[in-house]
Amino acid sequence: MAKRIYLSPPHMGGNERRYVEEVFASNYIAPLGAFVDRFESAVRNFSGVGNAAALSSGTAAIHLALRLSGVGEGDRVLASTFTFIGSVAPILYQNAVPIFVDSDASWNADPKLVEEAIVKERPKAFILTHLYGQSAKTDEIAEICDRYGVVLIEDAAESLGATLHGRPTGTFGRFGIYSFNGNKIITTGGGGILVSDDEEAITHARKLATQAREPVTWYEHEELGYNYRMSNLLAAIGVGQMEVLPERIAKKREIFDRYRRELEGIAEIDWMPEISDSRGNRWLTTLTLRRSDPRRVIEALEAQNIESRLLWKPMHRQPLFRGAKVYGGKVSEDLFERGLCLPSGTAMSAQEQERVVRIVKETLCAH
């Protein structure tokens, strides 16, 4: 059996091991340390946002953003339905009510549906996902949220390095979050970060993420906190990964361009679009099929030890959210039924990518 090709595995650069060894030499493993500060600074400098708090996951960052937005029991929160569960589970952590919004032709949230839902539901916040590394119509959506006094939380877990009008995703709303899970464009092995130009909010986030301990010599707690801070060890990996992020973005886009070029003769393939004046990081190469069942392609690839996946199943179709209100729904449902993610790891060789291309061609052309 040929070597397995994974969907989006970690890809270390040159300095991660050296930085981790520095952490071990200092014996300052956790919970915080100099590399946490360096990692937060690297993300701030890259994104141009004022403040950042390194955390245990992107989900933790969304949870803190909701908490800092005053979302509590019974409050309504809008969210993109076409996303991963980690984007929306924190709504339930706060005992709030999720209300989902469908996509438009961009695959990301439809601004018209966002405004309709805001007018009718009067939510406190909207969690906007930038899907598969592609920017949503964030400027339009941010203007709508501002007009109605709704806090915009950008779930940029998949889109670190993507831009709209030259501005990084994660910086349009009051809060933005990035994820450094093992499958993301860069990784700390598990982690996330909360960013905002609101310095007071990020200072409070750091407190909440460290069990909400008060600044006294004993352990004093006046509010509920969490064990959400990132370790110095993982942050050291993150510092090394941030150094190679531009290379990773360029490689992801190169992989997408090669797939599109090699598969352009197959008429039934439609690629995830890139909206006007935006530049995605192409975290995953994603497409839809007009006639064929994407499960056939997945099975053919898996038979050759190659990982691929369907697109996200919409949240309003998940059993956990049975009965939740959704505005629209048909677009994301159709994308789920017809969509496919191809292997997009930045360490994948041209020969390995050709293996994928060959099997996709054989499967679709034999149909």
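**A first look at the chain**

Residues 24 or more positions apart supply 72% of the contacts (heavy atoms within 4.5 Å) with a separation of 6 or more in the chain. This is a predicted model, in which local features need pLDDT of at least 70, side-chain atom pairs count only at pLDDT 80 or more, and totals for chains, interfaces and linings use all residues. Residues are numbered from 1 along each chain as its sequence is written, and side-chain values use heavy atoms, leaving out hydrogens and water.

**Overall build**

- The C-alpha trace spans about 70 × 55 × 35 Å along its principal axes.

**An aromatic cluster**

- Phe-84, Tyr-132, Trp-283 and Trp-312 form one aromatic cluster, where rings of Phe, Tyr and Trp (its six-membered ring) pair if their centres lie within 6.5 Å.
- In the chain, 8 aromatic pairs are counted by this rule.
- Phe-84 is partly exposed, at 39% relative accessibility.
- Tyr-132 and Trp-283 have ring centres 6.2 Å apart and planes at 20°, so they are stacked.
- Tyr-132 and Trp-283 link distant parts of the chain, 151 residues apart.
- Tyr-132 is buried at 1% relative accessibility, and Trp-283 is buried at 2%.

Definitions and conventions
Rings of Phe, Tyr and Trp (its six-membered ring) pair if their centres lie within 6.5 Å; planes under 30 degrees apart count as stacked, over 60 as edge-to-face and the rest as tilted. Buried means under 20% relative accessible area, exposed over 50%, partly exposed in between (1.4 Å probe, protein chains only). Helices (H or I, at least four residues) and strands (E, at least two) are DSSP runs, numbered from the N terminus.
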